[in-house]
Amino acid sequence: MAARTTMRRVGAAALTAVVAAGTAVGATAGGDDRGRGGHDGRHDRDRARNVIVLQGDGMGLAARELIRLATVGKDGHLVMDSLDEAGWTATDSADPEDAVTDSAAGATAFSTGVRTFNGAVGVDADGNPVPTLLEDARRAGKATGLVSTAQVTDASPAAFGAHVTDRYDQSEIARQYLEESRPDVLLGGGEDFWYPEGEPGAWPDNPPEDPEEQSKGTEGNLVDRAQQLGYTYVSDAEGLADADGRKLLGLFANEEMFQQANEGEGDVYSPEVPLVDMAAKALDVLQRDRDGFFLFLEEEAIDEFAHQSNATRTIEAGRSLDETVALALDFQKKHRDTLVLVVGDHATGGLAIENVDPEDESGEGQTAEDDPFPIPGTDLEFTVDWTTGGHTGEATPITAQGPGAELLSGPQLNTDVHDAVQRAMFPRGHR
């Protein structure tokens with residue numbers, strides 16, 4: 001496809017043209033400044049003043065059941081399964097070569113309501129920029145935030161705040177965050193893409209846990225640029241806890257906030273700042289905005305460890321996501337005008353939960369069955385088998401609660417998720 005090779009970046013001028021001809025939500029907020037429109041002080045049960053999107057990257061139904069069975073047992077329920085509405089979403093992309101989506105196309109469907117080719121971020125199948133939910137929210141005067149245990153410039157968060165045809169153009173994605181979409185809160189890994197080669201930041205180049213990690217930015221020193229634009233920059237848990245102000249950039253690892261590998265081969269899941277703590281800080285900052293907020297939260301490690309056929313770490317990452325869902329639901333109970341939804345962009349690994357049976361071993365090497373896992377509250381155990389190290393094409397479960405949640409019940413296309421969230425934020429007659 002020509003868009004793959006001829007249009008790696010989309011500049012501000014092209015996006016401005018799309019915005020001018022696109023959604024009408026910006027009519028409530030003049031110019032580029034937030035906080036001058038949108039919220040008129042009226043209580044409206046049908047309107048989502050705040051939106052919290054929680055994504056378990058790579059979390060299909062089997063992964064969600066794996067997390068449940070291993071953490072709360074046969075009679076237990078994950079917090080993410082307790083929301084009022086439940087459905088499932090197809091994950092297909094518009095890629096001409098691959099039948100199964102990647103995270104870039106999957107998240108772009110959620111963020112824009114448009115299917116695109118794999119690797120594309122915030123653009124349609126022809127490479128044209130498409131307005132995102134985050135940008136819609138900002139133009140309506142809302143605060144916005146992107147949080148991930150991956151690089152904060154990785155495909156999924158990037159799909160909400162940038163427009164490029166190559167998901168790996170992460171320094172350009174960071175530049176667009178700062179100069180175009182301007183999220184108020186940016187928290188995650190990926191410091192290497194914010195500093196030029198040879199100019200390490202707070203996270204040293206070539207660390208022992210992964211000697212290949214080093215600064216590789218292509219757009220200058222973007223941390224300095226962020227600070228010039230009014231962001232407070234932090235790089236560790238203490239700095240995040242102490243940070244104040246309305247604009248916050250936190251980069252807590254060279255790359256992802258974990259080390260993905262098969263069990264016992266250098267796999268580490270111990271983020272400098274757990275997802276739940278990043279989410280709590282983001283909520284603290286964003287809720288100060290009188291017009292509300294849009295917040296995207298992602299647990300990337302579910303996907304990355306499933307790529308490595310690592311059930312142990314997949315379960316750990318799933319537990320982390322569920323803790324974060326609990327935080328979001330606690331916020332929602334105190335702020336009923338908040339829509340919370342939990343979804344996966346695609347499934348990964350083709351995992352199967354099986355009885356312990358030495359005669360039933362269908363994989364070898366990395367994709368061999370993982371050791372038996374106990375089921376809490378029972379004497380039973382199960383094993384996890386894997387069919388692939390890649391993505392799979394099944395639908396993923398979605399649960400939701402709050403204004404507009406009923407629109408996410410039952411079968412969905414991935415583009416329907418965007419439409420439901422946009423309608424919840426901007427119901428007819430309230431734009």
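Visitor: Where in the chain is the place of R182?

Guide: This is a predicted model, in which local features need pLDDT of at least 70, side-chain atom pairs count only at pLDDT 80 or more, and totals for chains, interfaces and linings use all residues. Residues are numbered from 1 along each chain as its sequence is written, and side-chain values use heavy atoms, with hydrogens and water left out. Helices (H or I, at least four residues) and strands (E, at least two) are DSSP runs numbered from the N terminus. R182 is placed in the loop between helix 7 and strand 4 (185-189).

Visitor: What phi does R182 have?

Guide: Most residues other than glycine have a negative phi. Although R182 is not a glycine, its phi is positive, at about 50°.

Visitor: Does R182 count as buried, exposed or partly exposed?

Guide: Buried means under 20% relative accessible area, exposed over 50% and partly exposed in between (1.4 Å probe, protein chains only). R182 has 23% relative accessibility, so it counts as partly exposed.

Visitor: How many of the 12 residues of helix 7 are buried?

Guide: The buried residues of helix 7 (residues 170-181) include Q170, E172, R175, Y177 and S181. Helix 7 is largely enclosed by the rest of the structure, because the number buried is 11 of the 12.

Visitor: In which loop is the place of N206?

Guide: N206 is not a glycine, yet it has a positive phi of about 50°. Its relative accessible area is 40%, so N206 is partly exposed. N206 is found in the loop between strand 4 and helix 8 (222-228).

Visitor: What is the relative accessible area of S156?

Guide: S156 belongs to helix 6 (residues 155-161). Leaving aside neighbours within four places in sequence, S156 is in contact (heavy atoms within 4.5 Å) with Q55, D57, S103, A107, F296, E298 and D345. S156 is buried, because its relative accessible area is 1%.

Visitor: How far apart in space are S156 and E300, C-alpha to C-alpha?

Guide: In sequence, S156 and E300 are 144 residues apart. Across the chain, residues 24 or more positions apart account for 74% of the contacts with a separation of 6 or more. In space, the C-alpha to C-alpha distance between S156 and E300 is 9.0 Å.

Visitor: Which residues does S103 touch, not counting residues up to four places away in sequence?

Guide: S103 is in helix 4, and it counts as buried because its relative accessibility is 3%. S103 is 12 residues from T91 in sequence and 9.8 Å from T91 in space, C-alpha to C-alpha. Beyond four places in sequence, S103 touches D57, A155, S156, R167, D345, H346 and H391.

Visitor: How are helix 4 and helix 13 oriented to each other?

Guide: Axes are lines fitted to C-alpha atoms, for helices over the stretch in contact, and angles run from 0 to 180 degrees between N-to-C directions. The axes of helix 4 (residues 103-112) and helix 13 (residues 414-425) come within 6 Å and cross at roughly 30°. Angles under 35 degrees count as roughly parallel, over 145 as roughly antiparallel, 65 to 115 as roughly perpendicular and the rest as oblique. Helix 4 and helix 13 are therefore roughly parallel.

Visitor: Which residues make the contact of helix 4 and helix 13?

Guide: Those residues divide into three nonpolar, five polar and no charged, where Ala, Val, Leu, Ile, Met, Phe, Trp, Tyr, Cys and Pro count as nonpolar, Asp, Glu, Lys and Arg as charged, and the others, Gly among them, as polar. Helix 4 contributes A109, F110, S111 and T112, and helix 13 contributes N414, T415, V417 and H418.

Visitor: How are helix 3 and helix 12 oriented to each other?

Guide: The axes of helix 3 (residues 61-71) and helix 12 come within 9 Å and cross at roughly 85°. L66, I67, A70 and T71 of helix 3 meet T314, I315, G318 and R319 of helix 12. Helix 3 and helix 12 are therefore roughly perpendicular.

Visitor: Which residues of the largest nonpolar core touch the most other members?

Guide: A nonpolar core is a set of buried Ala, Val, Leu, Ile, Met, Phe, Trp, Tyr and Cys residues joined through side-chain atoms within 4.5 Å. Helix 12 (residues 311-334) supplies the largest share of this core, eight residues. Among the contacts of L54 are L321, V325 and A328. Of the 55 residues in the core, those that touch the most other members are I52, L54 and M278.
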